[in-house]
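Biologist: Could you take me through this model feature by feature, giving the general idea before the particular case?

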Amino acid sequence: GSAVPRYRAQTVCLSNRPHADSGDRCLFFSGPDCRYYALLCDGMGTGFGAIREGQTAAAMLQQLLSAGFPAAYALRTLNSLYALRGTAGACTVDLAEIHLDTGKATLYKWGAPASFVLTQAGSEKIGTVVPPPGLSVLESREITERLSLRRGETLVLLSDGVDGEAVARRAKDLTGETAAEVASQVLQFGRGSGQDDATAAVIRLRNRPLST
């Protein structure tokens, strides 16, 4: 039989400016076979061009992933498009693919800043910054990190307007009870001095009650 979800995702995305004015585009959506996605695309720069890039990339990835295409395929499609258009670096991609039947997750990063996993013990930084998509059709440079969210861990994805190091230094102060509280603390601790779009996406898993 098909897999049964044991977990449900609790997710929130907070930004320092209204959705319509931000180049950061954050989406949460389900795919086939218990897969769940958290996607943060950061259109480079600010203003209309950045907003359009972030929205277009996110919409295209959502379409492919919702239809069941593998994450690596979806990312390479975006990479090829950017390379052929000559718009390398127009957007960075942070994508978490979470399996709601096992609680395991894979993080795909392309040009995006490091993420954090918060646990009872503190915080762990995951992912190093690699060049953004679109530099070459042939080279696929996304990096992947595997993690588990089975024991109440919290995954935090950040756009580059958030000072991740400042957030890491104050990880033990991230005491929010809900995903929304954690997101607002992250933005508070990591608010850079710049005018850049700053967004935090926070993902947690909760056990699903077993149906009788």
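Predicted model: local features only at pLDDT ≥ 70, side-chain atom pairs only at ≥ 80, totals over all residues.

Biologist: How many helices and strands does the protein chain have, and in what pattern do they follow along the sequence?

Modeller: Helices (H or I, at least four residues) and strands (E, at least two) are DSSP runs, numbered from the N terminus. By that reading the protein chain has four helices and ten strands, and its pattern along the sequence is β-β-β-α-α-β-β-β-β-β-β-α-α-β. The radius of gyration, taken over C-alpha atoms, is 16 Å, close to the 17 Å that the globule rule (2.2 Å times the number of residues to the power 0.38) gives for 212 residues, so the chain is as compact as a globular protein of that length.

Biologist: What share of the 212 residues counts as buried?

Modeller: Buried means under 20% relative accessible area, exposed over 50%, and partly exposed in between, with a 1.4 Å probe and protein chains only; on that scale 49% of the 212 residues count as buried.

Biologist: How should I read a sheet, and which order do the strands of the open sheet have?

Modeller: Strands of a sheet pair through backbone hydrogen bonds, either parallel or antiparallel. Two strands are taken to pair if DSSP finds at least two bridges between them. Here an open sheet of five strands has the order β2-β3-β4-β5-β8, with antiparallel pairing, and its edge strands, β2 (24-30) and β8 (143-148), each pair on one side only. Between β2 and β3 (residues 35-43) there are seven bridges, and D24 has D42 in β3 as its bridge partner.

Biologist: Where do helices α1 and α2 lie?

Modeller: Contact means heavy atoms within 4.5 Å, and angles, from 0 to 180 degrees, are taken between the N-to-C directions of lines fitted to C-alpha atoms, for helices over the stretch in contact. Helix α1 (residues 48-66) lies across β2, β3 and β4 (91-99) and runs at about 160° to β3, whereas helix α2 (residues 71-85) lies across β4 and β5 (104-110) and runs at about 10° to β5.

Biologist: What is there to read in the phi angles of D33 and C34?

Modeller: Most residues other than glycine have a negative phi. In the loop between β2 and β3, D33 has a phi near 55°, a positive value in a residue other than glycine, and C34, in that loop as well, has a positive phi of about 65°.

Biologist: Are D33 and C34 buried or exposed?

Modeller: D33 counts as exposed because its relative accessibility is 58%, while C34, at 14%, counts as buried.

Biologist: Which residues of strand β9 are buried on each face?

Modeller: In β9 (residues 154-158), five of five residues are buried: T154, V156 and L158 on one side, and L155 and L157 on the other. Strand β6 (residues 115-119) is joined to β9 by three bridges in the antiparallel sense, and β9 also pairs with β10 (residues 199-207), antiparallel, over five bridges. V156 takes part in both pairings, as the bridge partner of F116 and opposite V202 in β10.

Note on methods:
Residues numbered from 1 in each chain as written. Heavy atoms only, no water.
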